[in-house]
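User: I have not seen this structure before. Please walk me through it in short steps.
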Amino acid sequence: MFITFEGIEGVGKTTHLKWMATALTDVGIPVLVTREPGGTPMGEEIRDILLVHRHERVAPLTELLLMFAARAQHVDTVIRPALAADRWVLCDRFVDATYAYQGGGRGVPEGLIRELESLVLGSFRPDHTILFDTPVEIGLQRVKERNNGHDRFEQEKMDFFERVRMEYLRIARLDPERYEIIDATKPLVEVQQSLSRIMTEILEKHGVH
Ligand code: Z5A
């Protein structure tokens with residue numbers, strides 16, 4: 001199983017991904033936890049390039065190509081080998097983030113993203129994607145309270161994140177088989193109950209008891 005966790009900043013992806021990894025490990029499923037951009041030594045270097053504050057403007061195409069460069073390395077050297085070894089891969093963001101941030105947020109044409117997706121991934125896609133959704137103010141407020149500094153993306157204005165959120169919701173609604181949308185404004189324990197239900201459904205669907 002390849003399961004991805006998506007949403008705007010501060011929705012709780014990382015918190016819930018760790019919770020699900022523990023829950024799966026507890027029922028004896030070998031899990032690999034990873035993230036994008038990153039997940040490999042080279043990918044983490046690209047992540048640093050992407051997230052650090054810069055005085056120069058970063059062209060949307062540069063950002064897009066770096067996301068896919070990191071992804072190509074990640075899929076080839078980490079994700080596919082883990083799946084081939086029967087591990088479940090839980091990934092903090094994947095290609096949907098590119099549609100949401102570079103497409104919705106920066107305005108890169110969807111067709112261009114699709115071309116790169118096809119080049120880098122072929123027909124490879126996540127089996128399930130969990131989209132955590134909150135209004136932008138709530139996500140940003142949580143990031144502020146967590147208070148571990150702001151990266152280049154977190155400097156963006158509200159309307160950027162509104163576009164990202166809308167794009168996530170649009171693509172998720174196009175494919176209800178793959179996406180589950182969770183209302184992440186609810187308290188942690190309630191979000192985890194939703195996640196637990198989704199996990200049970202996935203396990204049943206794939207014959208794991
Ligand atoms: N990016 C891109 O542009 N294109 C791409 O293709 C990809 C990525 C793959 C790095 O991502 C950046 O890369 C990202 C998009 C871009 N933009 N930014 N910024 P990242 O995933 O590393 O960074 P992030 O989205 O900012 O993650 P985050 O800030 O760590 O958010 P999170 O993982 O969703 O949230 P969290 O750390 O689990 O939770 C935040 C806080 O809220 C924490 O204190 C929790 O305890 C609290 N929390 C969580 N859930 C709740 C609930 N339900 N109630 C109350 N409090 C809660």
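This is a predicted model: local features need pLDDT of at least 70, side-chain atom pairs count only at pLDDT 80 or more; totals for chains, interfaces and linings use all residues.

User: Which helix holds L112?
Analyst: The partly exposed L112 belongs to a helix that covers residues 110–121. That is helix 5.

User: How many helices and strands does the protein chain have, and in what order do they run?
Analyst: The chain has 8 helices and 5 strands. From the N terminus on, the order is β-α-β-α-α-β-α-α-β-α-α-β-α.

User: What is the radius of gyration, and what does the globule rule give?
Analyst: For 209 residues, the globule rule gives 17 Å. The chain comes close to that value, so it is as compact as a globular protein of that length. Along the principal axes, its C-alpha atoms fill a box of roughly 50 × 35 × 30 Å. The radius of gyration is 17 Å.

User: What share of the contacts joins residues 24 or more positions apart?
Analyst: Take the contacts with a separation of 6 or more. Residues 24 or more positions apart account for a share of 80%.

User: How many residues of helix 4 are buried?
Analyst: Helix 4 spans residues 95–105 and is mostly covered. Among its buried residues are V95, A97, Y101 and G105. In the whole chain, 48% of the 209 residues count as buried. For helix 4 the count is 11 of 11.

User: Which elements do the buried residues of helix 4 pack against?
Analyst: The partners include both strands and helices. The strands are strand 1, strand 4 and strand 5. The helices are helix 3, helix 5 and helix 7.

User: Which residue with a positive phi follows helix 4?
Analyst: Helix 4 ends at residue 105. The residue in question has a phi near 85 degrees. It is G107.

User: Is Y168 buried or exposed?
Analyst: Y168 sits in helix 7. Buried means under 20% relative accessible area. Y168 has 3%, so it is buried.

User: Y168 and A97 are 71 residues apart along the chain, so what separates their C-alpha atoms?
Analyst: Leaving aside neighbours within four places in sequence, the contacts of Y168 include D96, A97, A100 and Y101. E6 and L131 are also among them. The C-alpha atoms of Y168 and A97 are separated by 7.8 Å.

User: How many aromatic pairs are there, and how do the rings of F2 and F94 meet?
Analyst: The count comes to 7 aromatic pairs. The ring centres of F2 and F94 are 4.9 Å apart and the planes are at 85 degrees, so the pair is edge-to-face. F2 is in strand 1 and F94 in the loop between strand 3 and helix 4, 92 residues apart. Both are buried, and their arrangement is edge-to-face.

User: Which parts does the pair of Y101 and Y168 tie together?
Analyst: The ring centres of Y101 and Y168 are 6.3 Å apart and their planes are at 85 degrees, so this pair is edge-to-face. Y101 is buried, at 5% relative accessible area. The pair ties together parts 67 residues apart in sequence, helix 4 and helix 7.

User: Which residues form the aromatic cluster with Y101 and Y168?
Analyst: Y101 and Y168 are both in one aromatic cluster.

Conventions: Residues are numbered from 1 along each chain as its sequence is written. Side-chain values use heavy atoms; hydrogens and water are left out. Helices (H or I, at least four residues) and strands (E, at least two) are DSSP runs, numbered from the N terminus. Buried means under 20% relative accessible area, exposed over 50%, partly exposed in between (1.4 Å probe, protein chains only). Contact means heavy atoms within 4.5 Å. The radius of gyration is taken over C-alpha atoms; the globule rule is 2.2 Å times the number of residues to the power 0.38. Rings of Phe, Tyr and Trp (its six-membered ring) pair if their centres lie within 6.5 Å; planes under 30 degrees apart count as stacked, over 60 as edge-to-face and the rest as tilted.
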